[in-house]
Amino acid sequence: MIKRGESPFFINGLWYHSVLCHWSLLLFSVFKKKSARSAHIFKDVVTQEYHGINDRDLSHGSLRVIEILQHAGYEAYLVGGGIRDLLLGKHPKDFDVATSAKPVEVQKLFRKARIIGRRFQIVHVRMGPEIIEVTTFRGSAENSHLQQANASGMLVRDNVFGSVEDDAVRRDFTMNALYYDPSNHEVLDFVGGYDDLEDGMIRIIGDPETRYREDPVRMLRAVRFVGKLGLQLEPDTAEPIRRLAPLLRDVSPSRLFDEILKLLQAGHGQATFPELVKYDLLRPLFPQTEALLSEADDQHHQHLIDLALLNTDTRLNEGKSVTPAFLYAALHWPQVQHRWEELEAEGHGRTQALTIACSETLDFNQQFIAIPKRFSVTIREIWELQVKLEKRHGRRPDSTLEHPRFRAGYDFLLLRERSGEIPGGLGEWWTQYQIADDAMRRDLIASVKDDQNESKVRRPRRRSKRRD
Ligand code: ATP
Ligand code: MG
C-alpha cells in the first residue's frame with residue numbers, strides 16, 4: 001500500500017515532521033497548506049516525507065519535460081496512473097504530464113513535439129527513447145463552443161482549458177487526480193484522492209451518473225482498476241453502472257476495441273472479466289457471448305474464456321508476446337460454436353457451416369467492437385483451423401501443419417478440450433504428430449479410424465434455451 005513517511009502527524013494530507021512543533025507554527029502551516037484556491041475546491045499538500053515518492057522511480061524524460069515547462073514559466077506536474085501506481089508501490093507503465101501551457105505553447109518549447117487528438121488535444125513530446133504525453137489543464141465552460149455534448153450527455157468535443165484545480169475535477173477517479181511537482185516533491189490533491197487511495201477506494205469525481213453519461217468508457221475504466229489494482233469501487237461510484245451500462249453502445253466501436261485490450265490484455269484479464277459480468281458491462285460489448293454464457297447448461301464456454309485470459313495474463317507476466325486475435329477468438333467462440341452446430345443441424349456440411357458461422361459472428365460483432373482487419377483475418381484462421389485439424393487423412397495433416405496459424409489453431413483446440421467443450425484426444429494426436437518422424441506420422445494417420453475423421457469429434461448436440 002501507500003508508503004508512509006516517519007512523521008507523527010498527518011493533518012489533511014500534511015505530515016509535520018516533529019511533535020515539538022510550536023502550535024502557532026502548526027496552525028499557520030495548516031492555514032497555509034490547506035487554502036481555498038477557488039470557491040469550492042481545497043488543496044491538500046502531501047509532503048515527500050509522507051508520500052515517499054522517490055525521483056529515481058520517475059521517468060527521466062517526463063522530469064526533463066516538466067523542468068523545461070516550469071523554466072519557461074508554466075505550471076507542470078506529473079499526474080494520473082503513474083503517480084497512482086507509485087503510491088500503491090507498483091511499477092508504473094508510463095507518466096503523464098499536465099501543464100498550464102497550451103498545446104501550441106508546448107510544441108514551441110520542444111524540438112520533437114506533435115499535437116494529436118481531436119476530442120482532447122494532447123502533445124507527444126519525444127525525449128530520447130521516451131514519448132511523453134503532455135496535456136493542457138482542462139477546464140469546464142458550459143455552453144462553450146469548444147465543449148459539446150450529445151443527447152445522452154456524452155462529451156464529443158472537449159478542448160476548454162483551465163487551471164490545475166479545474167483539471168483535477170475533470171479527471172475520472174480521485175486516485176487519478178494527484179499532481180506531483182518534482183521541483184518541491186509535493187503531491188497536490190484537490191479531490192481527496194490521497195485518502196481514497198489509503199482506504200483502497202475507487203471514487204469517481206463529481207456526480208457519478210453525470211460523469212458516466214459524459215463518457216461511458218469511465219465505467220469500463222472503473223472495473224479495469226478493480227481488476228488491475230485490487231481496490232474496491234466506492235458504493236456511489238458502483239451504483240449507476242448496471243443501469244447505465246447500455247450507454248456503451250454510443251461509444252465508437254474503434255475506441256471500444258482499444259479499451260477492451262486495456263481491460264483484458266494488460267496482464268489482469270482473468271481478474272477483470274468477472275467484474276465486467278458483475279456490472280452487466282459484458283452485454284453491450286459482447287451481447288451474444290453474454291447471452292450464451294448466462295443461458296448455458298454447463299460451464300465450458302466460461303472455462304474456455306477463463307483459460308484464454310489466464311494464458312494471456314501468464315504470457316504477459318512472463319514478458320512474452322500476445323495477439324489480440326487469440327483472445328478475441330475465445331471471446332466470440334461461444335457464438336461461433338453455437339451457430340456452427342445450428343447450421344450443421346440445418347444440413348450444411350461441417351466445413352461450410354463453420355465458414356458461415358465465422359462470417360456471421362465477425363460481421364455481427366463489428367457493430368459493437370471494431371476489430372481491425374489484421375486481427376479479424378487471424379481470428380477467422382484460428383476458427384477455421386478447428387475443422388482442418390479434424391481432417392487427418394492422406395496429406396491433410398502435413399498441409400495443416402504448414403498453415404501459418406497452425407500454432408494458434410492448435411493452442412485453441414487444446415483450450416477447447418480443456419474447457420470440456422469437446423472430448424480430449426485430437427489435441428494429443430496433434431501433439432504427437434508435430435514431433436513424430438515420417439514413419440511415426442504414417443502410423444498416426446493409420447491409427448485414425450474413418451469415423452474419427454472430420455465429423456465425429458463434436459459433442460452430442462445440447463439443447464439450447466432461447467431468449468424470447
Ligand atoms: P493506466 O495505468 O492503465 O495507464 P491511467 O489512469 O494512467 O491508467 P490513462 O488512460 O493513461 O489511464 O489516462 C491518464 C489519466 O487521464 C488518468 O489517470 C485520468 O486522470 C485521465 N483520464 C483518462 N481517461 C479519462 C476519462 N475517460 N475521463 C476522465 N479522465 C480520464
Ligand atoms: Mg497511463
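Are Phe 257 and Tyr 328 buried or exposed? Hi everyone, let's start there: Phe 257 is buried, and Tyr 328 is buried too, where buried means under 20% relative accessible area, exposed over 50% and partly exposed in between, with a 1.4 Å probe and protein chains only.

A quick word on the basis. This is a predicted model, where local features need pLDDT of at least 70, side-chain atom pairs count only at pLDDT 80 or more, and totals for chains, interfaces and linings use all residues. Residues are numbered from 1 along each chain as its sequence is written, chains are lettered from A and ligands numbered from 1 in the order in which they are written, and side-chain values use heavy atoms, with hydrogens and water left out.

Now the rings. Rings of Phe, Tyr and Trp (its six-membered ring) pair if their centres lie within 6.5 Å; planes under 30 degrees apart are stacked, over 60 edge-to-face, and the rest tilted. That rule gives 17 aromatic pairs. In one of them, the centres of Phe 257 and Tyr 328 are 5.5 Å apart with planes at 20°, so this pair is stacked. Phe 257 belongs to helix H12 (residues 253-264) and Tyr 328 to helix H17 (residues 324-345), so the pair ties together parts 71 residues apart in sequence; helices here are DSSP runs of H or I, at least four residues, numbered from the N terminus.

Tyr 328 also pairs with Phe 286, tilted, at 6.1 Å centre to centre and 40° between the planes. Phe 286 is buried as well.

Finally, ring pairs link Phe 406, Tyr 410, Trp 429, Trp 430 and Tyr 433 into a cluster. The charged end of Arg 392 sits over the Trp 429 ring, 5.1 Å from its centre (CZ of Arg or NZ of Lys within 6 Å of the ring centre and within 35 degrees of the ring normal). Likewise, the charged end of Arg 441 sits over the Tyr 433 ring, 4.6 Å from its centre.

How values were computed
Helix = DSSP H or I, 4+ residues; strand = E, 2+ residues; numbered from the N terminus.
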